[in-house]
Amino acid sequence: MDLESGILCVDLSKDPKDLEEGSEGWKNLCKKVREACEEYGCFQVVYEKIPVELYEEMVMALRDLFDLPVETKQKNKSSKQPYSGYIGKADVVPLYESLGIEDAPILDMAQAFTDLMWPNGNPAFCKTINRMSQMVLELELLIRKMVFESYGIENYYDSNVKNSQCVLRVIKYDAPRHSDDDSTTMGLLSHTDKNILTVLYQQDLPGLEVLSKEGDEWFQVSPRHGTFTVLVGETLKALSNGRAHAVKHRVILRISEKERYSYGLFSAPKEDVMVEVPKELVDKDHPLLYRPFNYVDFFRFFYQNYTLENVLEVYAGVVVN
């Protein structure tokens with residue numbers, strides 16, 4: 001486990017035996033993942049299960065997608081919650097453009113999105129998006145299991161997975177041509193994710209920055225091939241009764257001739273599921289911090305109050321007398 005630029009890195013490919021549940025290596029990894037979630041709210045993961053050629057296929061797929069007319073991309077909509085569909089060319093972040101593919105690891109869902117974008121078909125895109133999202137979901141579930149086991153709430157893991165869904169968000173940042181200081185420009189505003197976990201892959205250009213837990217320093221997350229960045233969301237913070245830290249992050253772009261692509265898998269509770277702190281995580285040293293809440297209602301509240309700091313505490317926080 002290395003500390004590089006303030007970001008912890010967990011190697012899941014070092015020894016296959018470490019991934020055998022119940023082994024000392026597994027227990028050690030669970031402990032390290034928990035510590036990273038609590039102290040930093042994020043960490044990098046070395047994960048070598050994904051074939052090298054799939055990364056290249058994914059970049060080509062994203063280029064094909066973002067080269068489509070805006071009118072076509074705008075067909076990507078979701079009635080479930082804000083920010084789930086197409087987002088592009090907003091005044092505050094004019095270089096940012098993204099689309100959301102709901103339940104992309106399910107072939108029928110990947111096909112439905114593909115048919116929406118390419119009515120005449122694009123089987124290569126569908127295959128690539130579906131395959132990559134399946135493999136990233138496998139990684140996300142592995143990390144989630146480690147978190148649940150490290151907190152001693154592994155009995156809740158299966159139901160948590162059953163009651164969750166995922167969105168694959170694919171992102172393009174246009175290359176900045178100029179900025180106020182001619183060196184950097186804002187790609188994505190500072191924010192915390194509201195979901196359970198985000199597993200993000202950057203292409204080969206830097207940009208992602210995370211804020212220290214103390215809130216006094218930004219660290220740049222260097223992109224490395226085959227390495228993903230895991231970000232703790234507000235929902236995991238609630239599930240852990242405040243132990244896990246939902247990290248604030250942003251994207252800062254530097255003058256470059258290249259556009260930047262990335263993609264992230266966002267796991268979140270399903271529409272009718274309540275987020276509730278397990279009783280095992282409440283005791284005299286850790287009083288209950290959050291009342292049960294519906295995730296989609298929470299997200300809509302955030303959308304309506306996006307400038308509000310500590311939105312989770314405001315929405316679901318328990319008032320301590």
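**Close-up views of a predicted model**

**View 1. Crossing of helices α2 and α5.** The axes of helix α2 (residues 52-66) and helix α5 (residues 123-150) come within 9 Å of each other and cross at roughly 125 degrees. Helices are DSSP runs (H or I, at least four residues; strands are E, at least two), numbered from the N terminus. Axes are lines fitted to C-alpha atoms over the stretch in contact, with angles from 0 to 180 degrees between N-to-C directions. The model is predicted: local features need pLDDT of at least 70 and side-chain atom pairs pLDDT 80 or more, while totals for chains, interfaces and linings use all residues. Residues are numbered from 1 along each chain as its sequence is written, and side-chain values use heavy atoms, without hydrogens and water.

**View 2. Residues at the contact of α2 with α5.** Leu-54, Tyr-55, Glu-57, Met-58, Ala-61 and Leu-65 of α2 meet Phe-125, Thr-128, Ile-129, Arg-131, Met-132 and Met-135 of α5, where contact means heavy atoms within 4.5 Å. By class, this contact of α2 with α5 comprises nine nonpolar, one polar and two charged residues (nonpolar: Ala, Val, Leu, Ile, Met, Phe, Trp, Tyr, Cys and Pro; charged: Asp, Glu, Lys and Arg; polar: the others, Gly among them).

**View 3. Lining of the largest cavity.** Gln-44, Leu-200, Tyr-201, Gln-202, Ser-222, Pro-223, Arg-224, Thr-227, Phe-228 and Thr-229 line the largest cavity (points of a 1 Å grid over the protein atoms alone where a 1.4 Å probe fits but cannot get out; lining residues have an atom within 4 Å of a point). Strands β8 (197-202) and β11 (227-232) are the elements giving two or more residues to this lining. The lining residues divide into four nonpolar, five polar and one charged.

Methods. 1 Å grid on protein atoms, 1.4 Å probe; cavity = no way out; pocket = protein on both sides within 12 Å on 5 of 7 lines; lining within 4 Å.
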